[in-house]
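Q: Hi! Could you walk me through this model, starting with the terms you use?

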Amino acid sequence: MIEFQEEALIDILDELKPLLTEHWEEIALYKDKIKLSPDYERYLMADDVGVLHILTARDDEKLIGYFISFVQPHVHYMDNTFAINDVLFIHPSYRKGSVGYKLFKHAEKSLKAIGVDVIMIHAKVKRDFKPLMDKLGYDRTEYVYNKYIGDE
């Protein structure tokens, strides 16, 4: 049975790392130039001060997905709290059913309970999930462009 729950990074970091790597392999740009190297100390500090919100999806206690956001008043709209999604992943073997939809619904409920007004989701073009976003009532609001300008 799939369960969704809030968890602290310190408690799940070791089991999260393999999924983060799989996630990076699937969606990252410029893999030959930019390697995955999360600053776990900064993530742990963000979690300690209550800025990081982690909702996990588990199947019989096995971590199969996550919805991780930074939660704080927006610098443009200081009267409102935004959850800016950092990473969102569901293991490929769980994507055909309703796990993604349920993960979002649980995240919305959990974030609303802590005072979030707006959830911002960033989706990679190669793994766009517009049909799910439309079904959930999200508005497409921005495009993000990238260009590698480091050393060739």
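A: Happy to. Buried means under 20% relative accessible area, exposed means over 50%, and partly exposed lies in between, with a 1.4 Å probe and protein chains only. This is a predicted model, where local features need pLDDT of at least 70, side-chain atom pairs count only at pLDDT 80 or more, and totals for chains, interfaces and linings use all residues. Residues are numbered from 1 along each chain as its sequence is written, and side-chain values use heavy atoms, with hydrogens and water left out.

Q: Great. Is D60 buried or exposed?
A: D60 is exposed, at a relative accessible area of 64%.

Q: And where is D60 found?
A: In the loop between strand 2 and strand 3. Helices (H or I, at least four residues) and strands (E, at least two) are DSSP runs, numbered from the N terminus. D60 also has a positive phi of about 50 degrees, although it is not a glycine.

Q: Why point that out?
A: Because most residues other than glycine have a negative phi.

Q: What about the phi of Y30?
A: Y30 is not a glycine either, and its phi is positive, about 55 degrees. The loop between helix 1 (9-27) and helix 2 (40-48) holds Y30. Y30 counts as partly exposed, at 27% relative accessibility.

Q: Switching topic: which residues touch the most other members in the largest nonpolar core?
A: F67, L103, F104, L111 and I119, out of 20 residues in that core. A nonpolar core here is a set of buried Ala, Val, Leu, Ile, Met, Phe, Trp, Tyr and Cys residues joined through side-chain atoms within 4.5 Å.

Q: Which elements supply at least two residues of this core?
A: Strand 2 (52-59), strand 3 (62-73), strand 4 (81-90), helix 3 (99-113) and helix 4 (130-136) each do. Helix 3 gives the most, with five residues. There is also a second, separate core of 17 residues, which includes L20, L44, V51 and I68.

Q: Back to F67, what does it touch?
A: Not counting residues up to four places away in sequence, F67 touches a list that includes H53, L55, V87, L103, F104, L111 and I119. Contact means heavy atoms within 4.5 Å.

Q: Now charges. How many salt bridges are there?
A: The count comes to eight salt bridges, each being a side-chain nitrogen of Lys or Arg within 4 Å of a carboxyl oxygen of Asp or Glu.

Q: Which residues are linked in a network of salt bridges?
A: That would be E7, E15 and R58.

Q: Is R58 buried or exposed?
A: R58 is buried, with a relative accessible area of 8%, and its place is in strand 2.

Q: What does the side chain of R58 make a polar contact with?
A: The side chain of E15, at 2.7 Å. A polar contact is a pair of N or O atoms within 3.5 Å; within protein, one must be able to donate a hydrogen and the other to accept it, and residues adjacent in sequence count only if both atoms are side-chain atoms. Leaving aside neighbours within four places in sequence, R58 is in contact with residues including M1, E3, E7, E15 and L63.
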